[in-house]
Amino acid sequence: MADAEHTAEPIGNTLGMMMQLGYDNPTWIERSMKAGKLIRDFWTHYNDQNHRHSRSNFLSPTQVGAHDRMNDSWISYRAVSPATAVFNYNGNPTIAKLYTEIVNGWVATAMSTDGGKPKRVIPAQVSFPDSALGGTNSPNWYTASHPPGTVNYDWLRQQYKGYLLDIFFVAYNVTGDAKYLEPIRLEYELAVKHGYIPDPVGPLKRSQRRGLSRSTHRPGAKSGSLPNWHRPRSNL
Amino acid sequence: MGRCPIGTDREVTYSQTEARRTKGASEEPLEQRADCRKQKPRGRHLRTHWPISTSEAGPTDHVGFIGIIDPLFIYTRGSWGRPLLTATVTYENTTEDFAAATVTADPQGLRIYYYTLAPGRRTIGIVPWELEAGGTYRLVYGIDAGDDGKIDIITEQRDFVFPQHGSPVQIDVESRTNYVVEIDQLQRGELIGPAPDPGLSAQDTRYNPARNLPTARIYNVSFQPIRNIKIAFYDGFPSAGGKPIAVQQIPNIENPNDLEPRMVTVGVNYRLDQPTDIYVAIDPDDEINSEITALNNVAHKRLMDSGVNAKQPAPKPAKLLRKRGRRG
């Protein structure tokens with residue numbers, strides 16, 4: 001077992017592609033369904049607030065992480081990519097239900113203002129099972145704890161968010177309910193309001209991203225400091 | 001991707017690695033400078049050598065490693081997300097000696113630049129994954145003589161109905177010639193609702209010599225139960241004079257909605273005395289109205305081929321462990 005970023009690669013980076021490359025071979029669908037089973041039976045469970053969340057950001061088919069690794073992070077959803085491929089292929093209702101439950105949890109998390117988090121913002125981590133924004137033992141909602149042996153994620157880097165957003169889209173496609181796009185829309189509006197207009201052309205270059213994260217381009221901002229709009233503010 | 005293993009929080013970027021490669025090429029062995037784990041040098045290993053130069057991304061980046069992502073995106077207009085590294089276009093029968101850039105691909109059409117070094121004239125398949133099944137499209141492709149991304153000499157223009165996902169669009173290409181391929185939507189396809197989908201593959205087609213029994217395993221890969229489907233076995237390719245062996249009927253294959261695979265194995269009594277090409281077809285009379293795909297309805301395998309069907313005992317776990325130990 002290791003961090004989900006890496007343990008998820010052998011299935012998350014391959015099976016979905018194999019379903020495409022071997023479109024006429026049911027073997028890949030069968031194998032990809034196992035990811036769905038793991039999500040349902042092992043990797044996720046209901047937290048204290050009865051929301052389904054990933055139990056850890058350390059995952060394997062037989063183990064999940066404990067202690068400071070017990071966080072539902074965006075990267076946890078790299079491992080579920082094969083199940084997404086199955087859903088895209090045949091609309092499996094079990095996967096649809098699982099994803100809807102997971103996204104319901106994340107929508108509730110996004111709307112939470114615990115710890116001063118601005119309403120609407122999707123945190124990078126939620127601890128399991130007690131739903132602490134920012135993760136287990138995190139000092140605040142946007143900073144994770146980083147004891148040795150953990151791979152936890154701070155919100156500022158926005159790393160691997162796409163994996164979570166993918167299942168937001170699945171939940172929306174299944175239900176047609178706009179609430180599943182709401183956190184994404186509100187985050188967009190929040191970014192625009194503060195002058196950070198997302199580039200529709202594509203992701204920024206690494207150098208540009210680095211500039212953004214250090215907010216050096218923002219007038220008045222100190223290099224390396226947290227940009228103002230990232231700070232919890234009561235009027236957000 | 002792109003991080004060192006647990007315990008270190010240093011990210012090694014491609015540019016940093018490139019800088020090391022150019023600056024320190026003569027100063028330190030490749031294995032050392034590429035290994036962010038500070039392990040002992042390992043000697044010549046595939047992952048430390050171009051083109052599969054994965055070590056700068058950490059040894060656990062198995063698939064989406066640096067060096068492969070950009071070509072994949074250029075050739076296929078792939079993207080991150082969904083099933084990771086989704087390709088909007090894939091290719092068939094190209095050989096590995098070709099270059100392609102997919103500049104746009106969506107349900108309304110696509111545009112591809114294509115160049116091959118494979119000798120002679122060949123028919124290749126472009127598999128457009130974004131096109132709408134049942135939609136009508138116009139294909140225009142031709143030679144870009146001016147190297148400006150525009151078709152100067154049209155090789156072929158034709159309209160077609162895109163039958164189903166996974167279907168290739170075939171074009172003929174000459175070696176060492178710039179081609180531009182354009183597909184535009186003329187009429188939208190139909191939304192595909194829930195559909196059944198029985199499927200099989202060649203690897204699930206076998207022969208039991210003790211019972212003279214060619215068998216095929218039929219899966220249900222949809223979320224609808226499948227009732228009363230026919231499975232036909234042929235000795236030889238059906239449309240090339242293959243002899244029908246028998247037709248079997250499967251009364252029911254439940255749906256795999258609980259995420260447990262659902263399959264049924266059927267067989268026919270047919271003695272094989274020599275290697276024989278056996279074809280298996282699902283729904284040979286085309287009685288199922290709509291399926292997710294019909295591409296998985298036919299499989300072919302040469303049974304009784306030497307070694308292919310010979311049953312070998314699976315290695316015991318202890319043996320596997322010893323093997324791994326020696327390797328590691």
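Student: In this predicted model, in what order do the four strands of the antiparallel open sheet of chain B lie?
Tutor: The model is predicted. The sheet in question is open, and its four strands in chain B pair in antiparallel fashion. Read across the sheet, the order is β13-β12-β15-β16.

Student: What is the average twist in the open sheet β1-β4-β7 of chain B?
Tutor: This sheet has three strands with antiparallel pairing. Its edge strands are β1 (89–92) and β7 (169–173) of chain B, each pairing on one side only. From one strand to the next, the twist averages 30 degrees.

Student: Which residue in β7(B) is the bridge partner of B:Gly125?
Tutor: Strand β4 of chain B, residues 122–128, runs antiparallel to β7(B), and five bridges join the two. Within β7(B), the partner of B:Gly125 is B:Gln170.

Student: How many bridges join β8(B) to β3 of chain B, and how many join β8(B) to β5 of chain B?
Tutor: Strand β8 of chain B spans residues 179–187 and runs antiparallel to β3, residues 109–116. One facing pair there is B:Gly109 with B:Asp184 of β8(B). β8(B) also runs antiparallel to β5 of chain B, residues 136–143, where B:Tyr141 has B:Val181 as its bridge partner. The bridge count with β3(B) is six, and with β5(B) it is eight.

Student: Which residues of α6(A) meet α4(A), and what is the handedness of the crossing?
Tutor: From α4(A), the residues involved are A:Gly36, A:Ile39 and A:Arg40. By class, the contact divides into three nonpolar, two polar and one charged. On α6(A) they meet A:Thr94, A:Ile95 and A:Leu98, and the crossing is left-handed.

Student: How many nonpolar residues are in the contact of α6(A) with α7(A)?
Tutor: α7 of chain A covers residues 161–175 and packs against α6(A) at about 115 degrees, with the axes 9 Å apart. This crossing is left-handed. Among the residues that meet are A:Tyr99 and A:Trp106 in α6(A) and A:Ile167 and A:Phe168 in α7(A). The contact has two polar and no charged residues, and the nonpolar count is 11.

Student: How many residues does chain B bring to the contact with chain A?
Tutor: Chain A contributes 43 residues. The side of chain B that touches chain A has 18 nonpolar, 16 polar and five charged residues. The total for chain B is 39.

Student: What distance separates the centres of domain 2 and domain 3 of chain B?
Tutor: Chain B is divided into domain 1 (14–67), domain 2 (72–187) and domain 3 (198–303). Taken over C-alpha atoms, the separation of the centres of domains 2 and 3 is 32 Å.

Conventions. Residues are numbered from 1 along each chain as its sequence is written. Chains are lettered from A and ligands numbered from 1 in the order in which they are written. This is a predicted model: local features need pLDDT of at least 70, side-chain atom pairs count only at pLDDT 80 or more; totals for chains, interfaces and linings use all residues. Two residues are in contact if their C-beta atoms, placed from the backbone, lie within 7 Å. Ala, Val, Leu, Ile, Met, Phe, Trp, Tyr, Cys and Pro count as nonpolar, Asp, Glu, Lys and Arg as charged, and the others, Gly among them, as polar. Domain bounds come from an automatic or database domain assignment. Two strands pair if DSSP finds at least two bridges between them. A crossing is left-handed if the near helix is turned anticlockwise from the far one by less than a right angle, and right-handed if clockwise. Axes are lines fitted to C-alpha atoms, for helices over the stretch in contact, and angles run from 0 to 180 degrees between N-to-C directions.
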